[in-house]
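Colleague: Could you walk me through this model, beginning with a hairpin and then turning to the helices?

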Amino acid sequence: MHFELTEEQLMIRQAARDFAQTELKPGVIERDEHQKFPAEQVKKLGELGFLGMMVSPQYGGSGMDAVSYVLVMEELSKIDASASVVVSVNNSLVCYGLEKYGTEAQKEKYLVPLAKGEKIGAFCLSEPEAGSDATSQKTTAIDMGDHYLLNGTKNWITNGGNASTYLVIAQTDAAKKHNGINALIVEKGMEGFTIGPKENKLGIRGSDTHSLMFTDVKVPKENRIAEDGFGFKFAMQTLEGGRIGIAAQALGIASGAYELALQYSKERKAFGKAISDLQAIQFKLADMATEIEAARLLCLKAAWQKDHGLPYGQASSMAKLYASDVAMRTTVEAVQIHGGYGFVKEYHVERLMRDAKITQIYEGTSEIQKIVISREVLK
């Protein structure tokens, strides 16, 4: 076993850390307060190659490994989970699926600008009545010969307002159930495609989350990804990698809160000494540090398995389940260590606590992760 990072991985992590401190941190509280999408920061992330990290250079990507992706997601998420989720969705849910399953024409037209960070993508699976139960797609894509006629509503769509390319999962043949579902590439501006208002959320408030409405949208046949009926498998296999990204996001939120709590505990005085000298605080910090390290190892193991072409579905679900729980526990304790100051926005930890919650919900709830894991261990 080798636990050392390569020189390249260390450099990538440092670049992400520097970017988070210099570019993300200065306006993060204001963006959260006003639900402002970090457009300028996302553009710079694209220029750094972080929006197409794992895409082959042949298609405009950086050709990095999944371990580097975890490192970058952790560092960005320590400061701004609203920015890091853009990196996660664009890499894991959009670029990955297009590169693995798309045609050469689709890659040239859509993947290249997405990997270069010139455009942003969105992954459209959830619906008002189909969240965890992804087989119950009400959005329909009726085969009209040379095109599909797309009708329905998608909700909770990350990058919903700022994306240019949307991967939409829709039912073509209800009689075939999940085998009758297709994945279609939809462009912003197609006639009949409407973007709903931005959701007013508890956390990741800078991320733009919207409902999308499709009314008789004509989607050319060449925009279908892979063969007819592959849509559900496409979604599930794409989400396996997406969970590594969200697990790493949860890890970053937790480690960011821990670092703030550790620093504050050394500065805050109570009963004539730093509160870090109090065993009650020391034990909290010990638990936080241990759980974060365990979460980090789970994330890196899932990424390593993906890099080595090994099955990683169970590993990514374990990483997401555990890291998201650690994010919640750690951020709550970080607020507690800060006392009254933890309840104040300028100390950052209350925002991290709010941001942590979504990691237990999106890209498969914690309950869904337990279903995935239990199926694997019972095989």
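**Hairpin and helix contacts**

Modeller: Strands β2 and β3 form a hairpin with 3 residues between them, and Gly145 in the turn has a positive phi of about 100°. This is a predicted model, in which local features need pLDDT of at least 70, side-chain atom pairs count only at pLDDT 80 or more, and totals for chains, interfaces and linings use all residues. Residues are numbered from 1 along each chain as its sequence is written, and side-chain values use heavy atoms, with hydrogens and water left out.

Colleague: Which residue in β3 is the bridge partner of Asp143?

Modeller: Strand β2 (residues 140-143) pairs with strand β3 (residues 147-158) in the antiparallel sense over 4 bridges, where strands are DSSP runs (E, at least two residues) and pairing needs at least two bridges found by DSSP. In β3, the residue bridged to Asp143 is Tyr148.

Colleague: Is α7 roughly parallel or antiparallel to α8?

Modeller: The axes of helix α7 (residues 231-267) and helix α8 (residues 279-307) come within 9 Å and cross at roughly 155°; axes are lines fitted to C-alpha atoms over the stretch in contact, with angles from 0 to 180 degrees between N-to-C directions, and helices are DSSP runs (H or I, at least four residues). Angles over 145 degrees count as roughly antiparallel, and under 35 as roughly parallel. That crossing therefore makes α7, relative to α8, roughly antiparallel.

Colleague: At roughly what angle do the axes of α4 and α8 cross?

Modeller: Helix α4 (residues 66-79) has an axis that comes within 7 Å of that of α8. The angle at which these axes cross is roughly 145°.

Key. Parallel < 35°, antiparallel > 145°, perpendicular 65-115°, else oblique.
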